[in-house]
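Here are my notes on this one, point by point. Have the structure open while you read.

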Amino acid sequence: MNSIHIGVVGAGTMGAGIAQVAAQSGHQVVLVDANPEALTKAENGLRKVYDKLIEKEKITREKADEIIARIQFSIHLSDFKESGLIIEAIIEKLEVKHQVFSAIEAVVSENCIIASNTSSLSIASIGSVLKNPTRCIGIHFFNPAPLMPLVEIIPAVQTSNETLTLAKSIIDSWKKISVVTKDTPGFIVNRVARPFYGEALRIYEEGIADFATIDWAMTTVGGFRMGPFTLMDYIGNDVNYTVTETVFEAFYFDPRFKPSFTQKRHKEAGYFGRKSGKGFFDYSADATPATPTEDLDLAKSIFERIIVMLINEATDALFLNIASREDIDLAMTNGVNYPKGLLKWADELGLDFVLNSLENLFQEYGEDRYRPSALLRRMVREGKMFY
Ligand code: NAI
């Protein structure tokens, strides 16, 4: 498998990480970027990563040098000639991806797979410019690519079975956890995770609890590694808000994905989170840490509201065959570090409990965002569980 040459286009955050993963797995890699400075930055970044690993005695100097030597840094797409798989990780603009995809197809062999790491564009639309679109597929890594185990594999309507099988087996050989998902907005993770942020923001907006208390509820009662507000500050409110807005639009404005004014205003104010020193919380050196109200009953009700909304989204993704039950659970535990798969969690809580909580919310608010998935109703009616 590692005899296949890999091409990566775009040497930014994602492309550099993907090139590293491929080289570590023994492939010859060509990393192309239109901007030579990006290539220098990627190469220096990579050397720094390995220097740290050598210092910690996780890898020898010889081994690290060998890995780096497998990567050719280039500004020419024509250097992709020998590649069997190319992963595109350039700017998120359809017109630019189209130009690059056409240019790549003109230099590679007939059998070369051309994949995109896009987060928000459809694979069908990206692949449509190819003369042979059956070779196009989505291969979506999570940031940072060398550390996050999950990779979503997204066949488009045009993708052949051969392309899917080969792409998946290459990614599996990189010791990644791959899940196959339909070419629909947000794929699995960026769709199913929306209520973690959206419902937390809504609870805050209703004045039920402050940021710190909601985070405390999700970490203490839910066992999540980070609360939603800490996580949004970590991802960046600019980035996280844009994902929400994109998913909302892509779903024809389904109210279930409606963005929040609270997050929008934080973004507009430049309160991006950790990277700007202030987000929902203050990260300046002299800041007093926000303290939660440690009321366990309140925390339980906050957790219940967020978890049933997450489970509803996971159930609906299963209902619409976005991915298998196992892959939906694997995606959330390996892409966003959830403590448990949501469908497994649903079984543990009891599907009748989940449905009942959603029906109470739906009745109280009369809003479509709380409508229970048809599959959840059906399963409760038939007395079934997910596993
Ligand atoms: P980035 O801005 O860090 O890097 C993009 C690189 O592409 C830059 O170095 C730029 O010079 C290069 N580039 C732009 N146009 C080019 C062209 N025509 N030819 C060659 N190189 C070109 O972007 P990032 O964050 O690495 O994202 C890349 C892709 O990965 C996007 O499609 C994004 O949606 C996706 N993605 C991003 C994630 C993230 O957390 N940043 C996570 C998963 C996917």
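1. Start with Glu43 and Arg47 in helix H2, which spans residues 36-55. Because they sit four residues apart in that helix, about one helical turn separates them. Keep in mind that this is a predicted model. The two side chains meet in a salt bridge, with N to O at 3.0 Å. In general, side chains of opposite charge can pair when their charged atoms come close. If you go looking for others, the count of salt bridges comes to 24, taking a side-chain nitrogen of Lys or Arg within 4 Å of a carboxyl oxygen of Asp or Glu as the rule.

2. Now for the ligand. Which residues are closest to the ligand? They are Met14, Asp33, Glu92, Lys97 and Ser119, out of 22 residues that surround it. By type, the shell around the ligand splits into 10 nonpolar residues, nine polar ones and three charged ones.

3. Which elements each supply at least two residues of that shell? Helix H1 (13-24), helix H4 (94-107) and strand S6 (136-141) do. H4 gives the most, with three residues.

4. On the backbone side, a polar atom of Ala34 is 3.2 Å from a nitrogen atom of the ligand, and a polar backbone atom of Ile90 is 3.3 Å from an oxygen atom of the ligand. Ser119 takes part through its side chain: a polar atom there lies 3.4 Å from a ligand nitrogen. As for how covered the ligand is, it exposes 830 Å² when taken alone, and the protein buries 71% of that. The space the ligand takes up is the largest pocket.

5. Two spots in the backbone deserve a second look. Most residues other than glycine have a negative phi, and most peptide bonds are trans. Against that background, the peptide bond from Asn143 to Pro144 is cis, with omega near -5°. You'll find Pro144 in the loop between S6 and strand S7 (150-155), and S6 is also one of the elements that supply at least two residues of the ligand shell.

6. The other spot is Phe187. Its phi is positive, about 45°, although this residue is not a glycine. Where is Phe187 placed? Look in the loop between strand S8 (177-180) and helix H7 (189-192).

Key. Residues numbered from 1 in each chain as written. Predicted model: local features only at pLDDT ≥ 70, side-chain atom pairs only at ≥ 80, totals over all residues. Heavy atoms only, no water. Near = heavy atom within 4 Å. Polar contact = N/O pair within 3.5 Å; in protein donor to acceptor, adjacent residues only side chain to side chain. Areas by Shrake-Rupley, 256 points an atom, 1.4 Å probe, with all protein chains shown as cover. 1 Å grid on protein atoms, 1.4 Å probe; cavity = no way out; pocket = protein on both sides within 12 Å on 5 of 7 lines; lining within 4 Å. Sits in = over half its atoms within 2 Å of the grid points. Nonpolar A, V, L, I, M, F, W, Y, C, P; charged D, E, K, R; others polar.
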